[in-house]
Amino acid sequence: MVEVVGGNLPLPAAPWGPLLAGYFVLVGLPSGLTMMTCWYRTRWPSGTVTVERHSTWISLFCLLLASGLLVADLGRPTRFFLMLTRFDNLGSPIAVGAKLIAVKAFLLIAALYLRRRGAHLGGRIDTALTWTLGITSVALAIYPVAVLSRTWLAPLASTSGAALIYLLTALLMGVAVHLMLQVYLAGQPMAESTYRGLRDITLVLLMVHGVALVFEALTVYGEPTLDTVAAELTGGPVAYGWLGLIAGVGLLLPVLGLTIVRFRRVALLGSAGSILIGTCVARYAIFAIGH
Amino acid sequence: MARLGMLIDLNTCIGCHACSVACKAEFDVPLGVFRDTVLYTETGEYPNATRHFIPVLCNHCEDAPCLDACPTDAITRLPDGEVVIDEGDCNLNRFCMAACPYGAIYEDPDKQLAQKCTFCEHRTADGRQPACVDACPTGCRVFGDLDDPDSEIAQRAAANEISVWKPEAGTDPRVFYVDPHDALPLVATNGVQVDTEADLPG
């Protein structure tokens with residue numbers, strides 16, 4: 001367990017530690033990558049099949065890894081199935097989330113099988129699969145905030161912008177990995193329209209993320225019950241770390257990279273890496289700050 | 001059905017810990033964790049300092065966050081209102097511990113389960129009082145049916161100004177306090193589980 005200094009909490013140590021922190025950060029990536037893949041599919045139907053297959057495999061791997069972190073954190077891992085088989089308490093966000101993960105994993109496996117090379121998938125089935133993957137991904141992107149908002153661990157999770165930030169960071173994580181896959185797997189120079197489309201969607205998401213962060217900051221500094229959080233975000237060298245990584249590395253660097261850097265490979269890869277760092281820190285901050 | 005609750009009169013609590021010792025003995029609660037304890041806090045300065053003793057335990061809330069949080073439905077409410085944990089269904093995900101604003105739920109290191117005060121439902125089912133109530137030498141703890149106007153708890157609640165611990169949590173607790181010195185807000189950031197790092201080893 002994480003030790004807490006100050007005794008300003010109902011428990012001497014937080015009941016959730018590094019494993020759950022890793023889960024809350026990592027679970028955004030499969031959601032965002034699936035949503036990005038769905039968008040790319042609709043935008044460029046004849047786009048690179050290889051990128052889509054790799055995206056789906058990476059989403060499935062990350063989802064299973066995140067689930068593994070959740071199960072490993074249980075005091076009784078052999079009873080993890082109870083979260084999938086019990087439907088008596090659907091008012092518990094973790095119960096809903098566990099079932100969402102199972103559904104998402106099934107859909108990803110179905111997508112890999114039905115869209116395998118040589119398979120001919122009907123238009124309606126393909127559309128239905130895309131939509132259900134998209135909807136479950138949105139739900140999985142947001143549900144962690146519902147979990148954290150029920151706890152005293154994460155006061156930031158109860159703020160008005162937390163769900164939006166979790167959705168945006170999930171999308172940005174997905175965009176970042178998709179950009180990396182595009183660079184490494186496309187096999188040929190990227191078409192101008194494809195590059196501009198990917199660059200523009202990334203910039204739009206970064207700008208919306210920036211606006212969301214600004215208003216989240218206004219919420220935090222205007223709310224007396226969040227004084228502890230505000231102090232941690234503005235006090236001392238640690239504050240520079242939070243702000244530097246979330247805003248500097250996660251926002252400013254990729255915006256500069258995508259708008260100024262002339263070499264596309266460098267711009268895309270560098271921006272993707274920065275976005276991954278910034279979004280992971282932002283998600284971790286909502287989990288960790290305030291306790 | 002009865003609506004069981006507890007009233008603690010802080011006028012007469014002397015901080016002897018008989019209640020927490022009795023609870024430890026009744027349930028073999030391991031060292032370092034608590035179903036029931038007594039918090040100490042001070043106000044004023046010498047020579048006008050005052051020490052307050054505040055017994056704390058699970059509040060068996062009407063709107064229990066732990067009950068809503070548990071994904072395996074291990075936490076349930078008995079017919080008389082006690083909130084209990086079914087050991088067979090608990091997988092120790094600790095969401096209940098994260099949701100409870102009172103720190104009433106702990107991880108039993110021996111059983112690898114979440115545990116908390118049960119209002120001694122195994123005793124009250126036989127018509128007896130909870131162990132902490134029986135042990136209290138000053139009678140500051142009263143337990144009974146809140147909805148029975150003839151019960152001692154209902155009469156004392158009606159005769160005194162009562163308050164609850166952490167009302168801002170909005171959980172509607174069933175543990176009430178007679179708190180004439182307004183000591184409860186002094187422990188608004190504390191919990192039932194106390195930091196034992198300063199304790200002597202063994």
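Predicted model: local features only at pLDDT ≥ 70, side-chain atom pairs only at ≥ 80, totals over all residues.
Local features require pLDDT of at least 70 and side-chain atom pairs count only at pLDDT 80 or more, whereas totals for chains, interfaces and linings use all residues. Residues are numbered from 1 along each chain as its sequence is written, chains are lettered from A in the order in which they are written, and side-chain values use heavy atoms, with hydrogens and water left out.

At the interface, 30 residues of chain A are in contact with 36 residues of chain B (contact: heavy atoms within 4.5 Å). The buried area is about 2500 Å², and carbon and sulfur atoms give 52% of it (buried area: the accessible area, 1.4 Å probe, that two parts lose on being put together, summed over both). Between the two chains, 2 salt bridges are counted (salt bridge: a side-chain nitrogen of Lys or Arg within 4 Å of a carboxyl oxygen of Asp or Glu). Arg86(A) and Asp89(B) are joined by a salt bridge with an N to O distance of 3.0 Å. Helix H4 (82–85) and helix H5 (93–114) of chain A each supply at least two residues of the side that touches chain B (helices are DSSP runs of H or I, at least four residues, and strands runs of E, at least two, numbered from the N terminus). H5(A) gives the most to this side, with 3 residues.

Over all chains, the structure holds 20 salt bridges. In chain A, Arg115(A) and Glu52(A) form a salt bridge at 3.5 Å, N to O. This pair links distant parts of the chain, 63 residues apart: Arg115(A) is in the loop between H5 and helix H6 (123–149), and Glu52(A) is in helix H3. Both Arg115(A) and Glu52(A) are buried (buried: under 20% relative accessible area; exposed: over 50%; partly exposed: in between; 1.4 Å probe, protein chains only). Arg41(A), Glu52(A), Arg115(A) and Asp126(A) are linked in a network of salt bridges.

Glu192(A) and Arg196(A) also form a salt bridge, with the closest N and O atoms 2.9 Å apart. Both residues lie in helix H8 (residues 192–222) of chain A, 4 residues apart, about one turn of the helix. Glu192(A) counts as partly exposed because its relative accessibility is 36%, and Arg196(A) is partly exposed at 41%.

In chain B, the closest N and O atoms of the salt bridge between Glu107(B) and Arg94(B) are 3.6 Å apart. Glu107(B) lies in strand E6 (residues 106–108) and Arg94(B) in the loop between strand E5 (83–85) and helix H3 (95–99), so the pair ties together parts that are 13 residues apart in sequence. Glu107(B) and Arg94(B) are both buried.
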